[in-house]
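User: I would like to learn how to read single residues in a model. Please take me through one feature at a time.

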Amino acid sequence: MLFAPERLSRWAGGLDHVVEVSGRLASWTGFALVLVMAFNVLLRYGFHTGSVAMQELEWHLMAPVSLLCMAYAIKHEGHVRVDILYGRFSPHWQRIIEFISCLCAVALCAIIIKLSYGYVEQSYRIGEGSPDPGGLPYRFILKSMIPAGFTLLLLQSLAASLRALIVLLGGEPPAAKPEHELEHAA
């Protein structure tokens, strides 16, 4: 059966795994960002000099942190929820709202991916780099984080909608399994 709870749970688990691995890898860019910022401060205040490329590298590292890690944050419920009305609904209506909101997130992500594709493709085609002298080349890599991040968010939203569908179909909600006993340092 196509919508068997076991099958839906396996699909959701597979999507969760992709988001988990991607989020953990991308989270290390946060550590790199701290190192680059510390180095820039040292250059500026210790040696009274600086580098345009190093300053641009700060926001080049901010893109993977924010875009590639947003799905990871949602997977681990590190986001802010506004439950003013949601908490007052019955559990049945909460499950319906959860399912519909996840599907809306999937649709929104698909739209953003489609709209950003031409933007990134044009940047890649012209070999876009920094307009500033001494700036970083390959700005198209930075812009490619937009569809990549929203693809991960689409996968996470799809996994959440599958879990919500399992409950709506009368199945038990999948138990949350810890990925590892100890969290990583990043």
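Analyst: This is a predicted model. Start with serine 161, which sits in helix H6, residues 145-168.

User: Is serine 161 buried or exposed?

Analyst: Look at relative accessible area; under 20% means buried. Serine 161 has 2%, so it is buried.

User: What does the side chain of serine 161 reach?

Analyst: The backbone oxygen of leucine 158, at 2.7 Å.

User: Which residues does serine 161 touch beyond its sequence neighbours?

Analyst: Leave out residues up to four places away in sequence; Phe99, Cys102 and Leu103 remain.

User: Are cysteine 102 and cysteine 69 buried or exposed?

Analyst: Cysteine 102 is buried, at 8% relative accessibility. Cysteine 69 is buried too, at 14%.

User: Now the surface. Which residues form a nonpolar patch there?

Analyst: Ile84, Leu85, Phe89, Trp93 and Ile97. Together they have about 520 Å² of accessible area.

User: Where is leucine 85 found, and why does it count as exposed?

Analyst: Leucine 85 is in the loop between helix H3 (70-75) and helix H4 (91-125). Exposed means over 50%. Leucine 85 has 56% relative accessibility, so it counts as exposed.

Terms used:
Residues numbered from 1 in each chain as written. Predicted model: local features only at pLDDT ≥ 70, side-chain atom pairs only at ≥ 80, totals over all residues. Heavy atoms only, no water. Helix = DSSP H or I, 4+ residues; strand = E, 2+ residues; numbered from the N terminus. Buried < 20%, exposed > 50% of the residue type's maximum accessible area, 1.4 Å probe, protein only. Polar contact = N/O pair within 3.5 Å; in protein donor to acceptor, adjacent residues only side chain to side chain. Contact = heavy atoms within 4.5 Å. Patch = residues over 30% accessible without salt bridge, like charges linked within 9 Å, V, L, I, M, F, W, Y side chains within 5 Å. Areas by Shrake-Rupley, 256 points an atom, 1.4 Å probe, with all protein chains shown as cover. Salt bridge = Lys/Arg side-chain N within 4 Å of Asp/Glu carboxyl O.
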